[in-house]
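Here is a friendly briefing to read alongside the sequence and the 3D view. Keep both open and look up each residue as we reach it.

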Amino acid sequence: MATPRPSMRPLAAWKSLLRHARSARVQTRSFASAVEAAPAAASPGLFTPAAAATAKKTHNRIKTYPPPPSTAAACKDPIAAVTQSQISILDPAGARTRLFTKTHPEAAKVGDILLVRLKSGDPFAGVCLNIRRRGIDTAILLRNHLTRVGVEMWYKVYSPNVEGIEVVQRRPKRARRARLYYMRHPKHDMGSVDNIVRQYQRQRAMLRSGNVKGKGAGAGKKK
């Protein structure tokens with residue numbers, strides 16, 4: 001029969017365990033004393049000479065580049081340049097610019113009767129009451145009577161919808177005002193200008209037909 005195993009270890013076994021524990025503790029102490037102590041980390045707010053030297057070296061490593069060339073010297077007035085480029089696109093021949101330039105001798109003035117031809121819509125003729133010169137936004141105000149009712153229309157000179165502007169009749173005397181708003185009153189109202197426009201169109205058609213006949217006769221003589 002098997003004898004029951006005692007639950008308690010003999011005293012010699014406990015002594016050997018204590019001996020091994022003491023030797024392991026001594027070995028751990030020797031290892032801890034042999035390791036060098038790590039340098040203490042500097043606090044964020046502490047400024048040391050070593051940190052200053054490191055920062056200086058890092059700053060010297062950053063490359064610096066000269067500023068890009070400025071376009072202010074090449075284009076002192078960009079708004080005027082953009083406006084001129086837009087006008088050159090909308091009016092390549094420069095006819096409308098000359099027609100509403102103050103210094104041009106044949107420029108349209110307030111008080112003249114102008115005829116505006118549109119690409120989409122009926123033409124409109126009237127007395128020029130105001131010329132608003134604003135570069136690309138230059139506009140004219142025309143007044144006429146339609147069915148005995150005064151009608152005023154603003155037209156942009158450089159609008160793509162405007163096909164052409166013609167001077168039907170010029171004012172005999174230079175107007176003393178830049179805006180002829182007094183012509184809205186019945187005393188100074190010019191009334192309808194349709195008859196003047198029809199007469200102008202007849203004369204122009206006759207001149208065109210005469211030029212065409214002259215060219216045809218010249219071609220026949222050459223033959």
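**Pockets, a cavity and a few residues**

The largest pocket holds about 400 Å³ of space. The model is a predicted one, where local features need pLDDT of at least 70 and side-chain atom pairs count only at pLDDT 80 or more, while totals for chains, interfaces and linings use all residues. Residues are numbered from 1 along each chain as its sequence is written, and side-chain values use heavy atoms, with hydrogens and water left out.

**How empty space is found**

- Rolling a probe the size of a water molecule over the atoms shows where empty space is left.
- On a 1 Å grid over the protein atoms alone, a cavity is a set of points where a 1.4 Å probe fits but cannot get out. A pocket is an open set with protein on both sides within 12 Å along at least five of seven lines, and lining residues have an atom within 4 Å of a point.
- Grid points are joined across faces, edges and corners, and a volume is the space filled by probe spheres set on the points.

- The lining of the largest pocket is made of 17 residues, and K102, V110, I131, R133 and A178 are the ones nearest its centre.
- Sorted by class, that lining of the largest pocket has eight charged, six nonpolar and three polar residues. Here Ala, Val, Leu, Ile, Met, Phe, Trp, Tyr, Cys and Pro count as nonpolar, Asp, Glu, Lys and Arg as charged, and the others, Gly among them, as polar.
- The second largest pocket has about 180 Å³ of space.
- Around the second largest pocket you will find Q84, I87, T97, F100, T101, R133, R134, G135, T138 and Y158. They divide into five polar, three nonpolar and two charged residues.

**The cavity**

- How many cavities of 30 Å³ or more does a search of the whole structure find? There is one, and the largest cavity has about 40 Å³ of space.
- The residues lining the largest cavity are V127, L129, R143, N144, M183, D189, M190 and G191; four are nonpolar, two polar and two charged.
- Strands β2 (124-132) and β3 (139-146) each give at least two residues to this lining.

**The chain as a whole**

- The protein chain has five helices and five strands. Helices (H or I, at least four residues) and strands (E, at least two) are DSSP runs, numbered from the N terminus.
- Read from the N terminus, the order of elements is α-α-α-α-β-β-β-β-β-α.
- Of the chain's 223 residues, 22% are buried. Buried means under 20% relative accessible area, exposed means over 50%, and partly exposed lies in between (1.4 Å probe, protein chains only).
- Among contacts (heavy atoms within 4.5 Å) between residues at least 6 apart in sequence, 56% join residues at least 24 apart.
- The accessible surface of the protein chain is about 18,100 Å², with 59% belonging to carbon and sulfur atoms. Such areas come from the Shrake-Rupley method with a 1.4 Å probe, and for residues only the protein chains shown count as cover.

**Cysteines**

- A disulfide is a covalent bond between the sulfur atoms of two cysteines. The search counts a pair of cysteine sulfur atoms within 2.5 Å, and it finds zero disulfides in the whole structure.
- Is C128 buried or exposed? C128 counts as buried because its relative accessibility is 0%, whereas C75 is partly exposed at 32%.

**Two residues in a loop**

- Most residues other than glycine have a negative phi.
- T147, in the loop between β3 and β4 (149-156), has a positive phi near 50°. T147 counts as exposed because its relative accessibility is 74%.
- R148 is in the loop between β3 and β4 too, and its phi is also positive, near 65°. At 83% relative accessibility, R148 counts as exposed.

**R117 and its contacts**

- R117 is in strand β1 (residues 113-118), and its relative accessible area of 29% makes R117 partly exposed.
- The C-alpha atoms of R117 and G164 are 5.2 Å apart, although 47 residues separate the two along the chain.
- Leaving aside neighbours within four places in sequence, R117 is in contact with P123, N161, V162, E163, G164, E166, Q201 and R204.
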